[in-house]
Amino acid sequence: MPGHANPADRMSVAFRLDGRAVCVEDEALSLLDALREALGERAPKDGCSPQGQCGCCTVWVDGAPRVSCVTPVRRVHGREVTTTQGMPAALARRWAEVFVATGASQCGFCTPGIVLRLAALESRASSARRLDEASIRTALSAHLCRCTGWQSIVEAAGVVLGVPVGPSATATTDAATTTASTATTDAATTTASTATPATTADAGTATASRDPLLVTWRAQLEGPAFQASTPETVLGRAGFADDTAPRGALVVVPRADGSLVVGADLPTARRAAGKVQGRNSPVPLRHPLAVPEGDWALVLRTTWVEPAYLEPDASWCTPGGQPASPLANGGAFGGKRRSPVAAAARRLAEERKASVRVLWARDDVVRHGPKRPPVALALRADGSGVLRVARTPGSAGLDGYAATVAAIASGLEVELVDVPGPPVSTDLRGAGWVEALVATTVLALRARSDAQAGSPVEVTAPGGGRARVSVGSGSRVHVEVWAGEVLDEVVLRSYCLGAVHQALGWVRSEGIAVDDAGEVQDYTIRSYGILPARETPWVDVTVHPEDRWPVNGSDAVLAATAAAAWLTDGLAPAWPTRRGERSLR
């Protein structure tokens, strides 16, 4: 955090916020803390403060985008600061409607900063400096979106900016995928999901014509949690837990050891907790489990992976009241299902007889939040084998792991192995069954003479969703998905794009360093290995409507993409397969 001045030395900082004159009394604050804590402006979000790496807190300073969590408030004295609340109404509406129409917003936590970044790009464009897809993706380098997989955001920007994006419609399609799709696709019942409006006027019409109930229903199936997708959501007004906390509430933050500290405000609480911003380390990624000895046809080891949901865990409660849910507008990929913040808010509100906010910072999420259990998996040619699963102190949900795996691969013997490390949980998206399904599917493919890199991989998830995915060696991914009644194609497509992005990162680049004592060493957003917009391939999605009850489709896409990427990468025995900058052991 920025240094904090002696109270006697505090000076006033005056500036204009969204067109009105404001003043804060502490020039040592960051601009983000001045906005959210001192002035109560909650449109900018705190996703990683003070790392300056997720872009959620982006605002305009004199019309130029600025990451506010690393900007001292004294730097904006006498200047104009603009959030999405203060954007010209027509401009904000134009961007927000296109984001909704293209599925470029899911939970909405990252989008206020992204909209401001892209709208600033629009204002700086000129005949001498033409925009293209590369400039859009470069602008997004300052941001992280974990939900959408970037493509729908790029498409939205293309609509607003009038920039062609994506491969040409006449581009040659991967022959293997074309053959498979031609053989299985019924033209009368298949929707090729190019679902991108041509103009901003089309976007407004598309948004108005969609049924909000069906939008929310599909989002809840894919999430799985309640999620609203509206222009207000895009602009930062989705009602996240910390955004709705009452002004003047006591603030509670954890120390590194997990004990809680109470302060009169957020800066005070963080100082009392001895907050020292964590950094990424030179410690190499490691695989905590060894593959059992034996003559195996296929082996796989995974490492520690951070779920990386953007909204840090938060809750608040008044004495005698119900605590705010940390799942305000999204499921956090299962990472917040057992979050302790709500219970802590209720307990401390009763003890203190006052309103209480409980808030984790990004390093708290990495230290205390659940990770996907690392595994060591070994298969024989007949599909039998062993699946070793890392069990750590504070783990949750592992008692049912064997039953989950048995439903996918009955020949796998599950062994829970106690290791030091951060808490793990099977609540996280597809934990357990995805690894088993990927390995058994790939094993079956290897038995076919036509299976090779780029071949389509088809899987059926336990919930009934089905997906076929091919990952070529180039920069394109082809996806087909069957998820029952479509309900809302834009939402389903958006979740499928996000699933592809997560699966590619999981297989190829994602991981966090954990030392031999089990302590996490990487605390910054950039250290997680998440694919940025510039490195994310284009994804073609085809949605197949079905006459059956709607089911989750994106989890099947996650598994099929992981299997297809692993196949294309030569079935390397350990993930991530392309994390070249760090050694793996």
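Predicted model: local features only at pLDDT ≥ 70, side-chain atom pairs only at ≥ 80, totals over all residues.
**View 1. Salt bridge between Asp243 and Arg36.** The side chains of Asp243 and Arg36 pair with an N to O distance of 2.8 Å. Arg36 belongs to helix α1 (residues 31–38), whereas Asp243 lies in the loop between α9 (231–234) and β7 (250–254); the pair thus links distant parts of the chain, 207 residues apart. Asp243 and Arg36 are both buried.

**View 2. Salt bridge between Glu37 and Arg357.** The closest N and O atoms of Glu37 and Arg357 are 2.9 Å apart. Distant parts of the chain are linked here, with Glu37 in helix α1 and Arg357 in strand β11 (residues 356–359), 320 residues apart. Glu37 and Arg357 are both buried.

**View 3. Salt bridge between Lys275 and Asp364.** The side chains of Lys275 and Asp364 meet at 2.4 Å, N to O. Because Lys275 is in the loop between α10 (266–272) and β9 (298–301) while Asp364 is in helix α12 (residues 362–368), the pair ties together parts 89 residues apart in sequence. Lys275 has a relative accessibility of 22% and therefore counts as partly exposed, since buried means under 20%. Asp364, with a relative accessible area of 0%, is buried.

**View 4. Network of salt bridges with shared partners.** In total, the structure holds 35 salt bridges.

Note on methods
Residues numbered from 1 in each chain as written. Heavy atoms only, no water. Salt bridge = Lys/Arg side-chain N within 4 Å of Asp/Glu carboxyl O. Helix = DSSP H or I, 4+ residues; strand = E, 2+ residues; numbered from the N terminus. Buried < 20%, exposed > 50% of the residue type's maximum accessible area, 1.4 Å probe, protein only.
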